[in-house]
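Subject: Structure for your review

Dear colleague,

I am passing on the structure we spoke about, with the sequence alongside. Please look through it first; my notes on what was found follow below.

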Amino acid sequence: MPPLARTGSFVRTDSFQDVDFTLRRQFNKTSFRPQQREIILAAREGRDVFVQAATSFGKSLCFQLPAVLDMGITIVISPLLSLMMNQVVALQAAKVDARTLNSQTPPQERDHIYADLATGHPRTRLLYVTPELCSTDSFRKRLSFVYEQKELARIAVDEAHCISEWGHDFRKDFKKLVWFRDTFPDVPIMALTATANSRVRDDVLSTLGLNRNPEKLSVFTMTAHRPNLHLEIRYTSDEADDRFDDFCRWFEGVIARRRRPERKRELVEKQERDDCVPGIIYTISRDECESLSAALRHQGIGARPFHAKLTKEDKEKTLANWIANVPGWDIIVATTAFGMGIDKDNVRFVVHWRLPKSFEGYYQEAGRAGRDGNASYCFLYYSREDQERISNMVMRDIPKDGENRLARMESLQALVRYCEDTSGCRHAAVCRYFGEVEVPRCDYACDWCKDAEGTKRRMRNGLATEEFVSTQRQEGRYDEYYSD
Ligand SMILES: Nc1ncnc2c1ncn2[C@@H]1O[C@H](COP(=O)(O)OP(=O)(O)OP(=O)(O)O)[C@@H](O)[C@H]1O
């Protein structure tokens, strides 16, 4: 692939050594994972790049490493504050000048960043911002000035599926990101995601203007498969109301196994606590997030809430303590304000307490588990009553004339089908959802492959009947949904 000439821009080097040296020196990693080097080289040649790869593949390195090596500043557009916080902290620990500018940035830090941009030759290597900030005139002016000095190296759009998932309805600024292509046509753009089907992919490419010069675009599409995640659906109903007892039983079982003499010796050697089983439980409402974490603490389990209404200080403390495996901060009970992109290596389980609102959301959140490659559990408590409530919530959330209404409903329906399907492997179903033709081999890593008959029986016995739910629906029983 010949390097692309960039008018009025800086010279890029294609030295392999630079890349390997920086990987070791700055990022403390010994080798690239498959495809990372190719992605990085394409980016450094000035190409636009679209990357679709499984959660925990190491997509961030694909824009972070070029940002450290190339001249100029990289603007990273990221959807969630917790994700920005997580990445900036990790980069700063690696002595990279990375910063974030968002609604919660303290005034002193904001002044520093503005002064840095105003020099036209910023020292900041990576600046993490929200799409909302990118729509403001003042920020656009500051970036235009940097661009005129030929110091705007690259735009990276992390979690790019949000453009399609949210851009149509409630975060419309995602749709305005085409401003970058219109205003800085020669600045390369990289878009990265773990969860895009072909519709989402096309939407991302056209929204960012990456489809305007197909000859300048490199597309890397890898499997969504995460073989180390054990995927399971646990069937329940309003009447059984057994999530809490079921979870506590499971959790106690895990701790008991860690306390067996042989395992305990291993843990002592690794300087790990036998009662440290880091995990995330996703709920759908703030109230449940608070009440569930309190109930778990009451059982002696170190659980903490994380939702949008907590103060910045509380969120930072919770995230920092959880990442550092501090006793009492083992489990985060979160709404979707937490999760996407969060990187902690030893998350041993992700539990969905309620049905998530989309297939993409489910798999993104499950993808927080097992990022060290070790086996981890992902189970989802599914009830037909929740399915009714969540469908109502999704319909209420999306404006009636919302462009994306159909796609959002389809994504939820696909998730419901996945939960109610007891005819095949969960991993294969996930990969098929994301458009993969070759389905992976599952090594007993889902409830169906482990025990197909048992899974069918549990579904038959665990769920309320469709007739019952239908009668209740007609009586308006599910018209009240969770307050999120
Ligand atoms: N070449 C490598 N060698 C070792 N570790 C790596 C390498 N590349 C990335 N990692 C590590 O893998 C972990 C996951 O990386 P990252 O957070 O970028 O994943 P991701 O692909 O963005 O996932 P998600 O889609 O879930 O956000 C990080 O801890 C990162 O440091």
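Helices and strands in these notes are DSSP runs numbered from the N terminus, a helix having at least four residues and a strand at least two. With that naming, glutamate 159 falls in the loop between strand E5 (152-157) and H8. Its phi is near 50°, a positive value in a residue other than glycine. Most residues other than glycine have a negative phi. Is glutamate 159 buried or exposed? Glutamate 159 counts as buried because 22 other C-beta atoms lie within 10 Å, the cut-off for that class being 20 or more.

Please keep in mind that this is a predicted model. The pLDDT of the protein averages 89, and 93% of the residues score at least 70. For the complex, the predictor gives an ipTM of 0.98 and a pTM of 0.87.

A second residue also has a positive phi without being a glycine, namely glutamine 35, with a value of about 85°. Glutamine 35 sits in the loop between helix H1 (16-25) and helix H2 (36-44), and it counts as partly exposed because it has 16 C-beta neighbours inside 10 Å.

On the overall layout, the domain assignment gives domain 1 (19-221) and domain 2 (229-475), and the C-alpha centres of the two domains lie 29 Å apart. Where they meet, 20 residues of domain 1 are in contact with 25 residues of domain 2. On the domain 1 side, the elements that give two or more residues are helix H4 (81-93), helix H8 (161-165) and helix H10 (198-207), and of these H4 gives the most, with four residues. By class, that side of domain 1 has five nonpolar, 10 polar and five charged residues.

Turning to the strands, seven of them form an open sheet in the order E3-E4-E2-E5-E6-E1-E7, with parallel pairing throughout the description. Strand E3 (98-101) and strand E7 (217-221) are the edge strands, each pairing on one side only, and the twist from one strand to the next averages 15°. Within this sheet, strand E1 (residues 48-52) and strand E6 (residues 189-193) run parallel and are joined by four bridges; glutamine 52 has threonine 193 as its bridge partner in E6.

Another parallel pair is made by strand E8 (residues 229-235) and strand E13 (residues 376-382), which seven bridges join. In this pair, isoleucine 233 is partnered by leucine 380 of E13. Strand E8 is mostly covered, with six of its seven residues buried.

Finally, there is a helix crossing to look at. The axes of helix H15 (residues 359-366) and helix H17 (residues 405-420) come within 7 Å and cross at roughly 65°. Which residues of H15 meet H17? They are Phe359, Glu360 and Tyr362, and on the H17 side they meet Ser411, Ala414, Leu415 and Tyr418.

With best wishes

Conventions. Residues are numbered from 1 along each chain as its sequence is written. This is a predicted model: local features need pLDDT of at least 70, side-chain atom pairs count only at pLDDT 80 or more; totals for chains, interfaces and linings use all residues. Domain bounds come from an automatic or database domain assignment. Two residues are in contact if their C-beta atoms, placed from the backbone, lie within 7 Å. Ala, Val, Leu, Ile, Met, Phe, Trp, Tyr, Cys and Pro count as nonpolar, Asp, Glu, Lys and Arg as charged, and the others, Gly among them, as polar. Axes are lines fitted to C-alpha atoms, for helices over the stretch in contact, and angles run from 0 to 180 degrees between N-to-C directions. pLDDT is the predictor's confidence in each residue, from 0 to 100. A residue is buried if 20 or more other C-beta atoms lie within 10 Å of its own, exposed if 12 or fewer, and partly exposed in between; C-beta atoms are placed from the backbone. Two strands pair if DSSP finds at least two bridges between them.
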